[in-house]
Amino acid sequence: MRAIVLDRYADTPHFAERPDPTPGPAQVLVRVHATSVNPVDWKQASGDIRLYMPAKFPFVPGYDLAGEVLALGPGVTTFAVGDRLHTRLNGTAGGASAEKVLAGLDVARRIPEGMSWAEAAGLPLAGMTALQGLRDVLGIPLTSANGRVLVIGASGGVGHLAVQVARSTGAHVVGVCSARNAELVRGLGAHEVVDYGAADPYAGQAPFDWILDCVGQSPGDFVPKLTPKGRFASCMPGPAIFTWGLLHPFSGRSVKPVMLKSNAADLGVLDELVAAGKLRVVVDSRFPAAEFDKAWDRSRSGRAAGKIVVDFD
Ligand SMILES: NC(=O)c1ccc[n+]([C@@H]2O[C@H](COP(=O)([O-])OP(=O)(O)OC[C@H]3O[C@@H](n4cnc5c(N)ncnc54)[C@H](OP(=O)(O)O)[C@@H]3O)[C@@H](O)[C@H]2O)c1
């Protein structure tokens, strides 16, 4: 089978022949139909984050995939051959960008009825980040939330899913995006949109109970926009996020990082929202696997609205 590989950091991703893998216990072999790009894929391949996410070469990048079960590992009864499955491969070894991949049962779920390969590949990593950021880090109850939530980066891979999950909780959702993505973000359920390119974007906005930052903003700029007990969560945590609590021990507000913990239960929560018609994956663009590097270029541009998909059909 063929896989996309890199032989060293910053190498150009290219096809290489690899042996077909054999599933072990708690694994299934998947014929991949689509993968989705997340910024961590090319950041890891560049070597820029090798201190905490090193790559082992030859390196097959990527974490999100959707495909069909080809074979079951010993003792696996929760999936059948032919099932449509999606997952965010667990750990930090990548591995999704191949025609055949071993998926662990710890994160895999059957794809909801009616969801395409492309949409299914776009959901796991970004969706679980959005869910965990809103529910676990910000503490927003998934049902009957009563408060105002700001999603910064509301048109991006994580943000466009966060807007919808936040909306499903009952919270009042304000999405931050550029003017050209305002209609998209409103269509996803944001009650209001803030144009980050406007002269005074937050004029007239009441304080927020919760802020989910999917862009990497400075907490110093956004903590003043919180209610006295408001919470700020960053999907791109730098030193200022980790030290904020130490420097402001008596603040009623909190500033915390979002650190994805992939698991099948949370992917299941997202799948239920999809099945209920409350969550959809917006596909920004699609590339055949032979044009893999163009998919990464699109992600590196920082301009994607929704998810970038690579087709392995
Ligand atoms: N901590 C974790 O566990 C975790 C998990 C997942 C992702 N992440 C990180 O989270 C970040 C976001 O990931 P992603 O997949 O959502 O990225 P993405 O899809 O590449 O984000 C692109 C989006 O960001 C918007 N954007 C750029 N600057 C903005 C600004 N100043 N204000 C509002 N929107 C802005 C862009 O809209 P315009 O084109 O209109 O500007 C575009 O729609 C990445 O750095 C990723 O590595 C972390």
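Across the interface of domain 1 and domain 2, three residue pairs are in polar contact, both residues at pLDDT 80 or more; a polar contact is a pair of N or O atoms within 3.5 Å, where within protein one must be able to donate a hydrogen and the other to accept it, and residues adjacent in sequence count only if both atoms are side-chain atoms. On the side of domain 1 that touches domain 2, the residues divide into six nonpolar, three polar and five charged (Ala, Val, Leu, Ile, Met, Phe, Trp, Tyr, Cys and Pro count as nonpolar, Asp, Glu, Lys and Arg as charged, and the others, Gly among them, as polar). The number of salt bridges between the two domains is zero (a side-chain nitrogen of Lys or Arg within 4 Å of a carboxyl oxygen of Asp or Glu).

The model is predicted: local features need pLDDT of at least 70 and side-chain atom pairs count only at pLDDT 80 or more, while totals for chains, interfaces and linings use all residues. Residues are numbered from 1 along each chain as its sequence is written, and side-chain values use heavy atoms, with hydrogens and water left out.

Domain 1 consists of 2-123 + 281-311, and domain 2 of 126-257; these bounds come from an automatic or database domain assignment. The domain centres, taken over C-alpha atoms, are 28 Å apart. Contact (heavy atoms within 4.5 Å) involves 14 residues of domain 1 and 14 residues of domain 2. Together the domains bury about 870 Å², with 57% of that on carbon and sulfur atoms; buried area is the accessible area (1.4 Å probe) that two parts lose on being put together, summed over both. On the domain 1 side, L123, V282 and R303 lose the most area to domain 2, together 41% of what that side buries.

The chain as a whole has nine helices and 15 strands (DSSP runs, numbered from the N terminus: helices are H or I of at least four residues, strands E of at least two). Its C-alpha atoms fill a box of roughly 60 × 40 × 40 Å along the principal axes.

Eleven salt bridges are counted by the rule. In one of them, K100 pairs with D20, the closest N and O atoms being 2.7 Å apart. This pair links distant parts of the chain, 80 residues apart: K100 is in strand β6 (residues 100-104) and D20 in the loop between β2 and β3 (27-37).

Two backbone details remain. Most residues other than glycine have a negative phi, and most peptide bonds are trans. A10, in the loop between β1 (2-5) and β2 (14-17), has a positive phi near 70°. F57 and P58 are joined by a cis peptide bond with omega about -5°, and P58 lies in the loop between α1 (39-46) and β4 (64-72).
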